[in-house]
Amino acid sequence: MRVAGPLVAELRKTLTLPAAWAGIAVVVLGSIAITVLNAVTTRSAIDAGTPERVANTSAFEAAFAAMPLGTVGAVVLGVVMISSEYAANSTDAGGGRQITATLTAMPRRVSLLAAKATVLVVLVIAVAAITLPITAGIATAVIGGAGTETVTPAQALMRGLGGALYWTLTGLIATAVTLLTRSGLIAPIVLIANSSVVSVSLLLTNLTPLAHWLPDLAGRRLFTGVDTVDGGLAAGPGALVMAGWTVLLLAVAAVVFRRRDA
Amino acid sequence: MGTRVLAAELDKLRTLPVIGFTMVGTVLTGVVIAAALAASAAAQGTPSTVVELVLAAVPFVQVGIILLGVLPAGHEYDGRQIATTLVAVPDRARALAGKTMATVAVVGAGAALSIGAAHASAAIAAGVTEVTLTADRAPWRLAGAIAYLAVIGLLAHAVAVAVRHLVPALVAMLGLMVIISPVAAGLTEHARWLPDRAASQLYADTDALLTGASGALVAVAWLAAIGTLAAFRFIRLDP
């Protein structure tokens with residue numbers, strides 16, 4: 001009960017937020033849409049006898065192109081989980097914030113943060129477990145045996161797990177940043193923009209190799225294949241560096257959260 | 001009367017600290033990114049031009065402009081200020097027109113200031129870091145970049161009015177501009193009809209089909225479609 005109670009409470013609070021479902025829908029439906037578009041383009045290129053028109057004809061790659069959307073979903077989940085606690089209610093209803101009720105019910109703040117982080121991890125992994133098989137299945141159904149599969153099942157599994165890990169760590173960083181700033185604006189801007197082609201970190205790598213140690217770039221090999229840039233850390237050490245950043249930010253957020261007024 | 005609504009909306013924005021921070025942040029983004037692009041061009045020995053460096057900074061600046069566009073309408077729903085606003089200006093079309101004009105002013109100022117600052121920064125950085133300069137591209141492209149940013153900011157405003165929430169509107173705009181649009185562009189040539197791709201022809205002639213004028217028209221069509229939906233919801237439905 002001691003552990004399960006806060007977990008169930010946080011899971012329930014998160015799943016009753018419309019914004020959380022919007023985030024989940026972006027990942028699942030958006031990824032399906034991109035996969036369908038990509039697979040149909042690839043299939044028609046193969047059928048027309050011009051497979052060189054597309055980068056490759058692998059069904060897995062067609063599905064995997066949608067992976068960046070998962071980062072958006074994870075960031076949305078990580079942000080709304082915290083920002084909803086701090087959003088002020090309507091003044092007609094007293095203008096209160098949910099965080100006061102939450103802290104009255106669960107006065108141990110570090111345990112509360114741990115429960116929230118656990119719920120986020122569970123949700124992101126669940127979304128990945130739904131999205132990746134569906135999109136891979138759609139791509140395989142559309143492209144079928146017409147394309148050349150360049151990715152072995154073992155590689156596909158590793159890349160899927162790596163991508164899910166990247167989503168999870170990014171979501172946790174979003175949680176930590178939102179808790180530190182108590183505002184839902186900073187984390188989405190920095191994390192969504194930076195995970196795209198409009199990446200400040202990527203630009204920084206042209207100026208200093210140290211930028212490869214930033215969390216988003218350190219972890220990008222987890223995707224292997226998507227926007228590969230030369231140099232930087234390999235997948236394993238990169239994942240460790242990104243996890244280190246996540247733990248650090250969560251620890252700072254936990255200390256600040258514990259010490260300051262709600 | 002119309003000017004008083006506009007003045008009231010501008011006053012609200014002036015007293016909203018986050019608008020000031022965003023404005024400063026957007027201009028600084030332009031300055032830093034343009035300088036960083038110049039330094040990286042110099043480091044790699046790629047010949048470039050000052051105008052090109054500024055234009056390459058536009059995708060980064062647009063993130064700040066999106067926030068500037070989302071805030072005026074979005075913050076009204078962050079709390080219930082919208083109720084007060086509509087008590088003060090019961091004519092909803094007029095309230096929306098005032099807010100839109102105030103947003104145009106803020107977004108336009110943000111776009112012009114950041115492109116201007118980025119231009120100064122790129123010129124200085126190119127001189128300091130000794131970038132190999134080639135013949136400069138037409139400076140009117142800078143005006144095109146400002147127009148592009150204004151269109152994106154207005155689109156963000158329309159989305160915020162339609163969605164009625166700050167963070168969802170921000171995430172939707174960011175997701176469309178920096179994730180969906182580049183991913184779609186890699187997959188299909190039809191991505192040129194997306195609002196940001198079409199509007200980007202205002203400053204970049206990268207597309208085989210759309211020109212500056214027709215690209216702008218496509219973007220305006222998007223703006224009209226989303227804006228009409230947003231205006232209908234604002235004027236006819238409960239706030």
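Reader: How much of residues 170–188 of chain B is helix, and how far apart are the end C-alpha atoms?
Author: This is a predicted model, and the UniProt entry, which is unreviewed, lists residues 170–188 of chain B as a transmembrane region. In the model the span has 0% strand and is 95% helix. Its end C-alpha atoms are separated by 25 Å.

Reader: How far apart are the end C-alpha atoms of residues 164–182 of chain A?
Author: For chain A, the transmembrane regions in the unreviewed UniProt entry include residues 20–40 and 164–182. Residues 20–40 of chain A are 100% helix, with end C-alpha atoms 30 Å apart. Residues 164–182 of chain A are 95% helix and 0% strand, and the distance between their end C-alpha atoms is 26 Å.

Reader: Which element of chain B has the lowest mean pLDDT?
Author: Chain B as a whole has a mean pLDDT of 88, with 98% of its residues at 70 or more. Among its elements, helix H6 (residues 140–163) has the highest mean, 93. The lowest mean, 84, belongs to helix H7 (residues 166–187) of chain B.

Reader: Are H6(B) and H7(B) parallel, antiparallel, perpendicular or oblique to each other?
Author: The two helices pack with their axes 9 Å apart and at an angle of about 135°. Angles over 145 degrees would count as roughly antiparallel and those of 65 to 115 as roughly perpendicular. The angle of H6(B) to H7(B) therefore makes the pair oblique.

Reader: Which helix gives the most to the side of chain A that touches chain B?
Author: The contact between the chains takes 24 residues from chain B and 31 from chain A. On the chain A side, helices H2 (18–47), H4 (67–86), H8 (186–194) and H9 (200–205) each supply at least two residues. That side divides into 22 nonpolar, 8 polar and 1 charged. The most, 7 residues, comes from H2(A).

Reader: What ipTM does the model score?
Author: The pTM of the model is 0.86. Its ipTM is 0.78.

Key. Residues are numbered from 1 along each chain as its sequence is written. Chains are lettered from A and ligands numbered from 1 in the order in which they are written. This is a predicted model: local features need pLDDT of at least 70, side-chain atom pairs count only at pLDDT 80 or more; totals for chains, interfaces and linings use all residues. pLDDT is the predictor's confidence in each residue, from 0 to 100. Helices (H or I, at least four residues) and strands (E, at least two) are DSSP runs, numbered from the N terminus. UniProt positions are given in the numbering used here, feature names are shortened, and annotations may be inferred rather than shown by experiment. Axes are lines fitted to C-alpha atoms, for helices over the stretch in contact, and angles run from 0 to 180 degrees between N-to-C directions. Angles under 35 degrees count as roughly parallel, over 145 as roughly antiparallel, 65 to 115 as roughly perpendicular and the rest as oblique. Two residues are in contact if their C-beta atoms, placed from the backbone, lie within 7 Å. Ala, Val, Leu, Ile, Met, Phe, Trp, Tyr, Cys and Pro count as nonpolar, Asp, Glu, Lys and Arg as charged, and the others, Gly among them, as polar.
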